[in-house]
There are 2 protein chains.
Amino acid sequence: MEREGLVLPLEAVRSGQNVRPIGQDVTAGETVLVRGVSLGPAEIGLLASIGRATVLAHPKPRVAVLATGDELVPHDSVPGPGQIRNSNGPAIEAAVLSAGFHPVSLGLVGDNMDLLRAAILDGVARADALLTCGGVSMGERDYVKPLLAELGTVHFGRVAVKPGKPLTFAEVRGVPVFGLPGFPVSSLVSFEVFARPALRLMAGLRRLWRPEVEVRLEHHVRHDPDRVEFQRAVVTRREGVLWAATTGVQASGRLRSLAGANALLRLPVGHSAFAAGTEVTALLIEQPEVDRLP
Amino acid sequence: MEREGLVLPLEAVRSGQNVRPIGQDVTAGETVLVRGVSLGPAEIGLLASIGRATVLAHPKPRVAVLATGDELVPHDSVPGPGQIRNSNGPAIEAAVLSAGFHPVSLGLVGDNMDLLRAAILDGVARADALLTCGGVSMGERDYVKPLLAELGTVHFGRVAVKPGKPLTFAEVRGVPVFGLPGFPVSSLVSFEVFARPALRLMAGLRRLWRPEVEVRLEHHVRHDPDRVEFQRAVVTRREGVLWAATTGVQASGRLRSLAGANALLRLPVGHSAFAAGTEVTALLIEQPEVDRLP
């Protein structure tokens, strides 16, 4: 009930005098939906039953997506020596769409201060939020973070999270901007963990987070004890127990560690290893696999 | 990653000779996605990184929705004596859309054999699956089940599940038809538990089921021990534990028992009551509520 869940009434809805409820549901003049509730199928049925064909509701946020980096060529071009295709743009736009919002593509801009400044200002003018990919590390051509500081306020420029350490959050002309890291896995995990809940909050939703469940590790897992780490995993339900297996090498550049994953394991600071069978917390980003029909 | 998850490649995708992977990802000629994988943001990023702008994929099923019953008027009309507004049509269409499929509205048809026959044949001609609402009980004007038997094959006409006992499943001209019960809660719960996984299977998805988790009951729950029962509940996560509170009176006509619910508790046969604190299985139909930022 995700997609309709993005439309929330901005005012309480009361039944009118012409209500003929289906037995138990509603009496005349009663409040049937309070302000801020998500409109899923049941709520739409309830509104239909009292004859409310329209309600005042939140719009879905428009989210601009800007890919940056001199090393990138469009995904449908052939890269030359030292170049790679832009995968972050299409992936983050797909993530915005999956989350139920409207992506606004700003395409791909190289490491050029003036072009990047113009693209950021274009993004904050055309959308309710801006997501940039790349340019937030400490390299000398990483212009996005300095530009966000020049054009607005940088609220934070680094997080103690792996992957995604250089994640930057800023406000430019009143519009929230997430400076996502350039590594493909880092940008998708940062979107999932930081940007998606923030965009859901902007959409007026009350339920911001992915379902969190305790899962049992199928194998030994190593982990950097200095940072909270999100490892990509496949969670499978067998005989009432959720089991998690990570998706192989967890390098930030390795998109294949996210492809096919249905969960992120949240590994806390202070431990460097977890034995097989240990319970850890997982964010479910898709349905768990099942072994058979229930 | 629900929405993109509906587009699945019909063939394995191999990288070409022009691959310049981002370090660890892909070597030339390697298979990067196998047949039947869901295309979420990470998979789209992976395809972009190897320059595959298009892939052969499953279409989203078109799902026809037909509301039936002499007692119904359209949701934007004023009901006369003995009439109620059609809430099932809008609710089930919203559920189809939320599940990521294309709803095809067949509107509302009264309890008339010839009109219903024509509407069912129209539905199976125009869509990949048909959902009817009402007309499957044992009343003398319940024409849908006899018509499905006349026009095709009824595979089952009753289930030992509450709510939703009269749920009927048939095939007409090769198209699957779910005869959903007429009570609003019964039709939505039957959609959720039976039709949604079947439609996901038709869409080629491998993950058919809602996330299932163990939750602790916040209060005593009574239950009909003769049938599996799905009670509507709000699941809240507090300090790592998922707690479930049911949404009040669980009558089949009471849409408000589903409005605001984020889970269905699956209560097994053979027990008539569950004490507060007992663990039961819940299907998460929305994100669990959280008490605060994590």
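**Exercise 1.** Determine how helix α3 and helix α4 of chain A cross.

*Solution.* In this predicted model, the axes of α3 (residues 113–126) and α4 (residues 144–151) of chain A come within 10 Å and cross at roughly 55°. Axes are lines fitted to C-alpha atoms over the stretch in contact, with angles from 0 to 180 degrees between N-to-C directions; helices are DSSP runs of H or I of at least four residues, strands runs of E of at least two, numbered from the N terminus. α3(A) is therefore oblique to α4(A) (under 35 degrees is roughly parallel, over 145 roughly antiparallel, 65 to 115 roughly perpendicular, the rest oblique). The crossing is right-handed, that is, the near helix is turned clockwise from the far one by less than a right angle.

**Exercise 2.** List the residues by which α3(A) and α4(A) meet, and class them.

*Solution.* From α3(A) come A:M113, A:L116, A:R117, A:I120 and A:L121; from α4(A) come A:V144, A:L147 and A:L151. Contact requires C-beta atoms, placed from the backbone, within 7 Å. By class there are seven nonpolar, no polar and one charged residues (nonpolar: Ala, Val, Leu, Ile, Met, Phe, Trp, Tyr, Cys, Pro; charged: Asp, Glu, Lys, Arg; polar: the others, Gly among them).

**Exercise 3.** Describe the side of domain 2 of chain A that touches domain 3 of chain A.

*Solution.* An automatic or database assignment gives the bounds: domain 1 (4–49), domain 2 (62–202) and domain 3 (212–290). The C-alpha centres of domains 2 and 3 of chain A are 26 Å apart. Each of these two domains gives 13 residues to the contact. On the domain 2 side, β9 (161–162) and α5 (184–202) each supply at least two residues; the largest share, seven residues, comes from α5(A). That side divides into nine nonpolar, two polar and two charged residues.

**Conventions.** Residues are numbered from 1 along each chain as its sequence is written, and chains are lettered from A and ligands numbered from 1 in the order written. Local features need pLDDT of at least 70 and side-chain atom pairs count only at pLDDT 80 or more, whereas totals for chains, interfaces and linings use all residues.
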